[in-house]
Amino acid sequence: MVIELEKAVDLRKSGNHKESNELLINLVQEFPNNASINYQCAWSFDLLGEESKAVPFYEKAIKLGLSSKELEGALLGLGSTYRTLGEYEKSKSIFLKGIESFPDNRAIQTFYSMTLYNLNEHSKAMELLLNCLIDTTTDDEISKYKKVIDFYSNKLDEIWK
């Protein structure tokens with residue numbers, strides 16, 4: 001099982017997404033209660049643009065229990081997949097769980113901001129994105145304005161007279 005799973009991951013990394021997916025589907029059939037295999041299978045469907053097929057595999061992988069690193073990826077993947085399917089409230093719920101569990105993961109926060117946008121929570125989305133930007137940028141020009149960007153990040157609708 002381990003060798004086959006490694007082969008599927010290697011196939012994905014080398015761009016052979018369909019072949020990787022086929023191998024993972026077979027592995028899920030053989031080992032239906034293996035969380036890692038379910039997670040990798042979900043990921044493989046996402047890469048193929050078959051998001052609706054990914055959902056049950058993400059859900060099962062999370063339910064079965066994943067390592068911390070895999071859980072981090074699965075929460076990001078499932079939250080993003082729900083968003084692309086228009087399931088914005090489900091997406092928001094998953095991302096909030098991800099942010100609570102992995103507060104330093106800026107990718108989860110960035111994808112969550114997209115969900116907030118879809119929910120018409122534009123101010124919250126922009127604030128989150130701006131904070132991610134100023135906390136992670138290496139751009140000198142942006143860094144010069146870090147304090148002012150931070151100050152305005154939650155005041156975008158205010159008018160200063």
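I begin with a term: a residue is called buried under 20% relative accessible area, exposed over 50%, and partly exposed in between, using a 1.4 Å probe and protein chains only. The model is a predicted one, in which local features need pLDDT of at least 70 and side-chain atom pairs count only at pLDDT 80 or more, while totals for chains, interfaces and linings use all residues. Residues are numbered from 1 along each chain as its sequence is written, and side-chain values use heavy atoms, with hydrogens and water left out.

Let us take the salt bridges. The criterion here is a side-chain nitrogen of Lys or Arg within 4 Å of a carboxyl oxygen of Asp or Glu. Six such bridges are found in a search of the whole structure.

One of them joins Lys69 to Glu72, with 3.6 Å between the closest N and O atoms. Both belong to helix α5, residues 68-84, and because they are three residues apart, about one helical turn separates them. Helices here are DSSP runs of H or I with at least four residues, numbered from the N terminus.

A second bridge connects Asp135 and Arg106 at 2.7 Å, N to O. This pair links distant parts of the chain, 29 residues apart, with Asp135 in helix α8 and Arg106 in helix α7, residues 106-118. Both are partly exposed: Asp135 has a relative accessible area of 41%, and Arg106 one of 29%.

In helix α9, Lys144 and Glu141 are three residues apart, about one turn of the helix, and their side chains form a salt bridge of 3.2 Å, N to O. Lys144 is exposed at 56%; Glu141, at 46%, counts as partly exposed.

What, then, of a buried charge that has no salt bridge? Asp46, in helix α3 (residues 35-47), is such a case, and the nearest side chain of opposite charge, Arg12, is 10 Å away. The side chain of Asp46 does have a polar contact of 2.9 Å with that of Thr81. A polar contact is a pair of N or O atoms within 3.5 Å; within protein, one must be able to donate a hydrogen and the other to accept it, and residues adjacent in sequence count only if both atoms are side-chain atoms. Beyond neighbours within four places in sequence, Asp46 is in contact (heavy atoms within 4.5 Å) with Glu51, Ala54, Tyr58, Gly77 and Thr81.

Returning to helix α8, we find Asn131. Asn131 is buried, at 19%, and touches Asp150 and Ser153, residues up to four places away in sequence being set aside.

How values were computed. Helices (H or I, at least four residues) and strands (E, at least two) are DSSP runs, numbered from the N terminus. Lys and Arg count as positive and Asp and Glu as negative; His and the chain ends are not counted.
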